[in-house]
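This briefing goes through one protein chain by topic. Look at the sequence and the model first, then read the points below.

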Amino acid sequence: MRTRLLPLAALLTGLLTGCSMLPSMDSLNPFASKGPKMAELGPIQPTVELRQAWSYSIGKAGEAVFYPVVVGSAVYVAAADGSIARLEQGTAVWRIHAGKALSAGVGSDGATVVVGTRNGEVLAFSARDGAPLWQARVSSEVLAPPLVAGEMIVVRSGDNRVFAFDAQGKRKWLYQRPTPPLSLRSTAPMVLADQFVLLGFPGGKLVALANHNGAPVWEGVVAAPKGVTELDRVADVVSAPATGGAIGCAVAYQGRVTCFDFSQGGSTVWSRELSSAAGLGLDSRGVYVTDDSSAIQALSLSSGASLWKQDKLLNRRVTAPLVLGRNLLVVGDAQGVVHLLNRDDGDFAARFSTDGSPINAVPQQLGSQILVQTQQGNVYALDVQ
């Protein structure tokens, strides 16, 4: 009988599942209230200014992680109570209720909006006016936002099966693989890279699936499980991979960060020890990782060598970094604070406080603005000046 446990932390974006009794989650969770104390925020010398352009309240996330999605000037957001909205400049073009409680979203390509439920239901709506289009079902709860790309909608279920549907909701293909007896459940988005879907799995694997039929194009080892106990051997990729040109990188919890060359069939470029459940971002020069202590580390994209480390946000449950423009990184934390860092040295460039509740989803870019959604369900667009 499989036993489900409470979340490691909101930032871990997953749950441990297994068939044996495990220690209390506080002993596993470095961010629990009885664990290490969050770093206090000291004064900074801002080099840019963050200002609120607009905000909108969509509704609380509950235990789920909702990702706002940007398509052109439109922003699509959702909440646990079933609310879904399309925003333009902070104003709702339409707002609907899905008729069901939601556990994942939002996926959209500007034509279709797709969300998921804990009962494995996939719900599609028109991006133009919110009208319902179709419903489908997968094998278990939907925790990650669906990937929507024209004639293909890809949905990952909580049992790590991957389903693809066409624009009318008819199933096109299914991908499944064996999973370890103990693993983290992931809410991370999938990534569309050229002609394949890129996503991580338990056991430290990164897999590229062909768009047209779901066949694995290649499989890379981000980290190999090691240790004696099942807990020690948890080495799962539970955050979204990051891509740039022919290079893609991923990081595993209790594992490593590894970069691959897509042009060489997913061959490993470099790998180094570093544990993260939050995730990473990259640009043409570096890979930027939020590690499990919430320190942000910059590594050389070409070699993996350390460039700098920002450790003044320790234990603040920091998101993966968003690479913004030519010289900034953006992260959010468990107290709803948005931090801007200088990409060259990791120094703080600006700070903005939202509603005090956690920012669990990676910040998004909206034109020249920064977009974040808090656990309380408030969506903020921030100007960088």
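Two strands pair if DSSP finds at least two bridges between them. Helices (H or I, at least four residues) and strands (E, at least two) are DSSP runs, numbered from the N terminus. The model is predicted: local features need pLDDT of at least 70, side-chain atom pairs count only at pLDDT 80 or more, and totals for chains, interfaces and linings use all residues. Residues are numbered from 1 along each chain as its sequence is written, and side-chain values use heavy atoms, with hydrogens and water left out.

**Confidence**

- pLDDT is the predictor's confidence in each residue, from 0 to 100.
- The chain has a mean pLDDT of 91, and 91% of its residues reach 70 or more.
- Residues 1–15 have a pLDDT below 50, and this stretch has 52 contacts (heavy atoms within 4.5 Å) in the model beyond near neighbours in sequence.
- Residues 17–33 also stay under 50, with 43 contacts beyond four places in sequence.

- Strand E27 (residues 296–300) has five of its five residues buried, so it is largely enclosed by the rest of the structure.
- Buried means under 20% relative accessible area, exposed over 50%, and partly exposed in between (1.4 Å probe, protein chains only).
- Both faces of E27 are covered, with Ile296, Ala298 and Ser300 buried on one side and Gln297 and Leu299 buried on the other.
- Strand E26 (residues 286–290) pairs with E27 in the antiparallel sense over five bridges, and glycine 286 stands opposite serine 300.
- Five residues separate E26 and E27 in their hairpin, and serine 294 in the turn has a positive phi of about 70 degrees.
- E27 also pairs with strand E28 (residues 306–310), in the antiparallel sense over four bridges; here the bridge partner of isoleucine 296 is glutamine 310.
- The hairpin of E27 and E28 has five residues between the strands, and glycine 304 takes a positive phi near 85 degrees.

**Nonpolar cores**

- In soluble globular proteins, nonpolar side chains tend to be buried together.
- A nonpolar core is a set of buried Ala, Val, Leu, Ile, Met, Phe, Trp, Tyr and Cys residues joined through side-chain atoms within 4.5 Å.
- The largest nonpolar core has 18 residues, of which Tyr76, Ile84, Leu102 and Val115 touch the most other members.
- Strands E5 (74–78), E7 (91–97), E9 (112–116) and E10 (121–126) are the elements that give two or more residues to this core, and E5 gives the most, with three.
- Apart from this core lies another, of 15 residues, among them Leu50, Val330, Val338 and Ile370.
- Leaving out residues up to four places away in sequence, isoleucine 84 touches residues including Ile58, Trp94, Leu102, Val113 and Phe125.

**Threonine 112**

- Threonine 112 is found in strand E9, and at 10% relative accessibility threonine 112 counts as buried.
- Beyond its neighbours within four places in sequence, threonine 112 is in contact with Gly107, Ala124, Phe125, Ala127, Leu133 and Val148.

**The disulfide**

- A disulfide is a covalent bond between the sulfur atoms of two cysteines.
- The rule used here takes a pair of cysteine sulfur atoms within 2.5 Å, and by this rule the count comes to one.
- Cysteine 249 and cysteine 259 form the disulfide, with their sulfur atoms 2.0 Å apart.
- The link of cysteine 249 and cysteine 259 is right-handed, with 105 degrees about the S-S bond.
- Cysteine 249 lies in strand E22 (residues 247–251) and cysteine 259 in strand E23 (residues 256–261), so the pair ties together parts that are ten residues apart in sequence.
- Cysteine 249 counts as buried at 0% relative accessibility, and cysteine 259 counts as buried at 0%.
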